[in-house]
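Subject: Structure for your files, with notes

Hello,

The structure I promised is below, and my notes on it follow. Please read them with the model open.

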Amino acid sequence: MPKVRGRSLRVLFDAGTIAARNRELAKEIAAAGYRDLLVVSILKGSFVFAADLIRALHDVGMAPEVEFISLSSYKTAKVSSGKVTLLRDVESDVADRDVLIIDDILESGRTLAYAKKLLAKRGARRVGVAVLLHKPGKLAQPFVAEHVGFVVPDLFVVGYGMDAAHAFRELPYVGVVEDKPAKKARAGVRGSRVRSWEVRSRRGAGESRRGSRAPAGYRSRREP
Ligand code: IMP
Ligand code: MG
């Protein structure tokens with residue numbers, strides 16, 4: 001098991017498996033007949049997936065334009081409010097464009113439902129959705145993503161752009177943090193900058209994330 005930040009990571013999807021799936025997804029998207037495609041990547045979680053997927057789209061002959069949108073959903077205490085907030089908007093006019101929204105995970109569906117409704121309201125001709133991961137059984141409302149990389153069980157995953165309290169986005173694979181923080185790490189929380197990601201996660205409060213339980217020491221703002 002790889003160790004990162006002193007924690008053991010169980011790899012669910014390695015870099016090669018993800019790359020192969022991205023190639024398949026690109027073929028699927030190319031076959032879906034999008035015209036004049038504008039890709040909209042939801043920050044921050046999807047930035048790595050989006051970067052790889054657009055290059056896979058190039059490899060199958062597509063030439064998408066790329067935009068970014070930043071959305072955040074909040075919860076108070078431990079209950080999700082379900083409220084999604086627009087933190088940063090796209091810059092392009094989406095009217096009469098075919099749009100493909102890219103996100104990391106489809107879980108409750110609130111983030112993607114918000115994004116899809118927003119772009120449709122602005123006159124997008126067609127709005128498709130591609131997600132790297134889908135955690136079934138967790139939808140707060142009916143929602144279908146047209147293109148799904150992998151179906152995953154209800155585990156809190158990190159890597160390949162996805163974080164726990166802003167940590168682990170750089171991992172080239174998708175994995176699960178297996179072990180609890182070591183005693184030494186807990187001591188570090190009080191003073192060490194090295195463990196600042198755990199300090200942040202412990203503060204939790206106010207803004208927090210997701211339905212799936214983050215591993216111990218990783219509660220934080222819900223970061224789309
Ligand atoms: P939802 O579908 O609106 O509930 O939100 C999905 C978003 O929550 C994703 O875009 C991720 O940013 C985040 N998320 C959900 N589950 C996980 C996870 O297991 N690890 C990291 N981020 C997650
Ligand atoms: Mg997200």
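With which residue does Arg 97 form a salt bridge whose closest N and O atoms are 3.3 Å apart? The partner is Glu 65. A salt bridge here is a side-chain nitrogen of Lys or Arg within 4 Å of a carboxyl oxygen of Asp or Glu.

Before the rest, the conventions. This is a predicted model, in which local features need pLDDT of at least 70 and side-chain atom pairs count only at pLDDT 80 or more, while totals for chains, interfaces and linings use all residues. Residues are numbered from 1 along each chain as its sequence is written, chains are lettered from A and ligands numbered from 1 in the order in which they are written, and side-chain values use heavy atoms, with hydrogens and water left out. Helices (H or I, at least four residues) and strands (E, at least two) are DSSP runs, numbered from the N terminus.

Salt bridges

Arg 97 counts as buried, at 10% relative accessibility, whereas Glu 65 counts as partly exposed at 41%. Buried means under 20% relative accessible area and exposed over 50%, with partly exposed in between (1.4 Å probe, protein chains only).

Arg 97 also forms a salt bridge with Asp 36, where the closest N and O atoms are 3.0 Å apart. Asp 36 lies in the loop between helix 1 (15-31) and strand 3 (37-43) and Arg 97 in the loop between strand 5 (79-88) and strand 6, so this pair ties together parts that are 61 residues apart in sequence. Asp 36 is partly exposed, with a relative accessible area of 47%. Leaving out residues up to four places away in sequence, Arg 97 touches Asp 36, Leu 37, Leu 38, Glu 65, Ala 124, Arg 125 and Arg 126; contact means heavy atoms within 4.5 Å.

A search of the whole structure finds 13 salt bridges. Another of them joins Lys 135 to Glu 107, with the closest N and O atoms 3.0 Å apart. Lys 135 lies in the loop between strand 7 and strand 8 and Glu 107 in the loop between strand 6 and helix 3, so the pair ties together parts that are 28 residues apart in sequence. Both ends are buried: Lys 135 has a relative accessible area of 2%, and Glu 107 is at 9% relative accessibility. Glu 107, Lys 135, Lys 138 and Asp 154 are linked in a network of salt bridges.

Strands

Strand 7 (residues 126-134) has eight of its nine residues buried, so it is largely enclosed by the rest of the structure. Strand 6 (residues 98-106) runs parallel to strand 7 and is joined to it by eight bridges; two strands pair if DSSP finds at least two bridges between them.

Strand 6, helix 3 (residues 110-121) and strand 7 make a right-handed β-α-β unit. Right-handed means that, with the strands pointing away from the viewer, the path from the first strand over the helix to the second runs clockwise.

There is also an open sheet of four strands, in the order 1-2-10-9, with antiparallel pairing. Strand 1 (3-4) and strand 9 (157-158) stand at its edges, each with a single partner strand, so one side of each is left without a neighbour in the sheet. Strand 9 is joined to strand 10 (residues 174-177) by two bridges, and the partner of Val 158 in strand 10 is Gly 175.

Nonpolar cores

A nonpolar core is a set of buried Ala, Val, Leu, Ile, Met, Phe, Trp, Tyr and Cys residues joined through side-chain atoms within 4.5 Å. The largest has 27 residues, of which Ile 29, Leu 132, Leu 133 and Val 174 touch the most other members. Helix 2 gives the most to this core, with five residues. Apart from it lies another core of 23 residues, among them Leu 71, Ala 115, Leu 118 and Val 131.

Regards
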